[in-house]
Amino acid sequence: MLIVKPILEKDKQEEICKACGAAYDADLLACSAYDDGNLIGFCQFALSGKTAILTDLRSKIGVDDFEAMFILARGTLNYIDLCGIHLARCTADAGDLTLIRAIGFKEIDENIFEMDLTDQFSGKCSHCK
């Protein structure tokens, strides 16, 4: 069973960053995804004012599970939205571009992607009608 959850301990976040080939930043928040107890990947992000900035959306090295990463990303964005932040951004190097686009991010500038989270998780978004 796939489980997406926040990473609450900084030493665990650092360990997961290494397992996913990402730089650890103690100032960032993170969520992880596990399938039957096995790490699939993680998402590292910052909350800055009224914007969330995804810095990493990465699979564990050697793991390729697009669907699980999609669910991890959407779960993370839902968490961000529930925190009252309704705008998310990421750069092209945050993760796989196909995944970033599939999640719902749109390129707004060269290598900068953005997503309005307003009503994305309530069933009221414009593409849900």
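The legends below describe several close-up views of a predicted model.

**View 1. Strand β3 and its pairing with strand β2.** Strand β3 covers residues 38–48 and is mostly covered, with 8 of its 11 residues buried. It is joined by 7 bridges to strand β2, residues 29–35, and these two strands run antiparallel. Within this pairing, D35 has N38 of β3 as its bridge partner. The two strands form a hairpin with 2 residues between them, and D36, which lies in the turn, has a positive phi of about 50°.

**View 2. The pairing of strand β3 with strand β4.** Strand β4, made up of residues 51–59, is joined to β3 by 8 bridges, and the two run antiparallel. One of the positions to look for is Q44, whose bridge partner in β4 is D56. Here too a hairpin is formed with 2 residues between the strands, and the turn residue G49 has a positive phi of about 65°.

View 3. In soluble globular proteins, nonpolar side chains tend to be buried together. The largest nonpolar core of this model contains 26 residues, and those with the most contacts inside it are L54, L57, L77, I80, I103 and F105. At least two residues of this core are supplied by each of β2, β3, β4, α2 (66–82), β5 (87–91), α3 (97–103) and β7 (112–116), while the largest share, 6 residues, comes from α2. If residues up to four places away in sequence are not counted, I103 touches L57, F70, A73, R74, L77 and M115. A second, separate core has 9 residues, among them C17, C20, A22 and F42.

**View 4. A salt bridge within helix α1.** The whole structure holds 4 salt bridges, and one of them is formed by K12 with E15, whose closest N and O atoms are 3.3 Å apart. Both residues lie in helix α1, residues 10–19, where they are 3 residues apart, or about one turn of the helix. K12 counts as partly exposed because its relative accessibility is 30%, and E15 likewise counts as partly exposed, at 46%.

View 5. The side chains of R89 and E114 meet in a salt bridge, at 2.6 Å from N to O. Because R89 lies in strand β5 and E114 in strand β7, the pair ties together parts that are 25 residues apart in sequence. R89 is partly exposed, with a relative accessible area of 33%.

**View 6. The salt bridge of R101 and E107.** The side chains of R101 and E107 also meet in a salt bridge, with 3.7 Å from N to O. E107 counts as partly exposed at 43% relative accessibility, and R101 is partly exposed with a relative accessible area of 45%.

Terms used: Residues are numbered from 1 along each chain as its sequence is written. This is a predicted model: local features need pLDDT of at least 70, side-chain atom pairs count only at pLDDT 80 or more; totals for chains, interfaces and linings use all residues. Side-chain values use heavy atoms; hydrogens and water are left out. Buried means under 20% relative accessible area, exposed over 50%, partly exposed in between (1.4 Å probe, protein chains only). Helices (H or I, at least four residues) and strands (E, at least two) are DSSP runs, numbered from the N terminus. Two strands pair if DSSP finds at least two bridges between them. A nonpolar core is a set of buried Ala, Val, Leu, Ile, Met, Phe, Trp, Tyr and Cys residues joined through side-chain atoms within 4.5 Å. Contact means heavy atoms within 4.5 Å.
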